[in-house]
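Here are my notes on the model you sent. They are set out as numbered points.

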Amino acid sequence: MKLDVMAFGAHPDDCELSMGGTLLVLKNLSYRVGVCDLSSGELGTYGSGSERKKELERASEILSLDVRLTLDFVDGNVRNTDENRKKVIQVIRKYRPTIVFSFVDDTRHPDHLNVGKLVKECSFLAGLKKLNSDFLPHRPAAFFRFPELIPWEKPDFVVDISDVWDKKLAVLRSFESQFTIGHEETEPPQTFLKSKEFWELIEAKARLAGSMIGVRYGEPFYSDRPLRILDPVAISSKEFI
Ligand SMILES: [Zn+2]
């Protein structure tokens with residue numbers, strides 16, 4: 001299956017947190033969308049393997065993803081090695097996405113930092129004709145980055161996710177073992193991801209990004225290269241406030 005968009009994260013829920021709204025917007029526009037998590041997140045404080053698998057299936061279902069993959073990278077040790085590059089190149093060549101998304105190259109979690117660098121490198125290498133693999137060469141037309149949590153730098157573009165905000169929250173709530181408040185007493189230690197402040201921060205980030213383009217909720221992105229705009233009027237339908 002050829003995809004229009006493929007997003008890469010290090011752990012299940014990375015792509016949902018950073019661009020879950022954008023994934024929903026893309027599906028509403030009838031694009032074929034895939035998400036690839038490099039690891040199964042086995043180092044997470046909460047949730048058994050089978051529990052997390054079910055949560056992932058539920059989130060993928062709400063997102064109506066065309067493809068959901070989990071590779072066998074080691075959680076906490078996602079590294080840019082020859083072997084790992086081959087695995088990501090295989091995925092890019094197999095699904096032939098027009099656009100690839102992954103993390104910015106300035107993050108706190110080393111896995112996030114490495115997946116951003118690794119996927120950008122593989123997006124280029126996948127197009128090299130003489131690099132052999134089971135699939136034909138393919139180079140995505142664009143590579144976009146999402147921030148780990150807060151957009152510290154001014155984004156290059158913001159996707160309006162106001163219409164799908166409630167659905168994005170439903171997607172995040174699918175990851176019950178990771179984000180749901182309620183089992184703190186029986187499951188110490190309490191993590192930031194299970195706190196009320198975490199959900200407030202998720203909303204604050206979306207409101208901040210949305211305010212940059214004059215809408216209620218947005219998701220920020222970065223592009224290493226200038227964007228090709230065919231219709232400047234069409235992308236300026238909202239007046240800046
Ligand atoms: Zn992560």
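**Notes on salt bridges, zinc site and surface**

1. The side chains of R85 and D82 form a salt bridge, 2.4 Å from N to O. (A salt bridge is a side-chain nitrogen of Lys or Arg within 4 Å of a carboxyl oxygen of Asp or Glu.) Because they sit three residues apart in helix α3 (residues 82–95), about one helical turn separates R85 and D82. R85 is buried at 16% relative accessible area, whereas D82 is exposed at 54%. (Buried means under 20% relative accessible area, exposed over 50%, partly exposed in between, with a 1.4 Å probe and protein chains only.)

2. On provenance: this is a predicted model, in which local features need pLDDT of at least 70 and side-chain atom pairs count only at pLDDT 80 or more, while totals for chains, interfaces and linings use all residues. Residues are numbered from 1 along each chain as its sequence is written, and side-chain values use heavy atoms, with hydrogens and water left out.

3. The structure holds 15 salt bridges. One of them joins the side chains of E16 and R68, at 2.4 Å from N to O. This pair links distant parts of the chain: E16 is in helix α1 and R68 in strand β3 (residues 67–70), 52 residues apart. (Helices, H or I with at least four residues, and strands, E with at least two, are DSSP runs numbered from the N terminus.) E16 and R68 are both buried.

4. R68 also forms a salt bridge with D37, whose closest N and O atoms are 2.9 Å apart. D37 lies in strand β2 (residues 33–37) and R68 in strand β3, so the pair ties together parts 31 residues apart in sequence. D37 counts as buried, at 0% relative accessibility.

5. Which residues coordinate the zinc ion? The donors are H11 (ND1), D14 (OD), D14 (OD) and H112 (NE2), at 2.1 to 2.7 Å. (Donors are N, O and S atoms within 2.8 Å of the metal, or 3.2 Å for Na, K and Ca; water is not among the atoms, so sites may look incomplete.) D14 lies in helix α1 (residues 14–28) and H112 in helix α4 (residues 110–125), so they tie together parts 98 residues apart in sequence. D14 and H112 are buried.

6. The four donor atoms subtend angles of 53 to 125° around the zinc ion, which makes the arrangement irregular. (Four donors count as tetrahedral if all angles lie between 85 and 135 degrees; four count as square planar and six as octahedral if opposite donors are over 155 degrees apart and all others between 65 and 115; anything else is irregular.)
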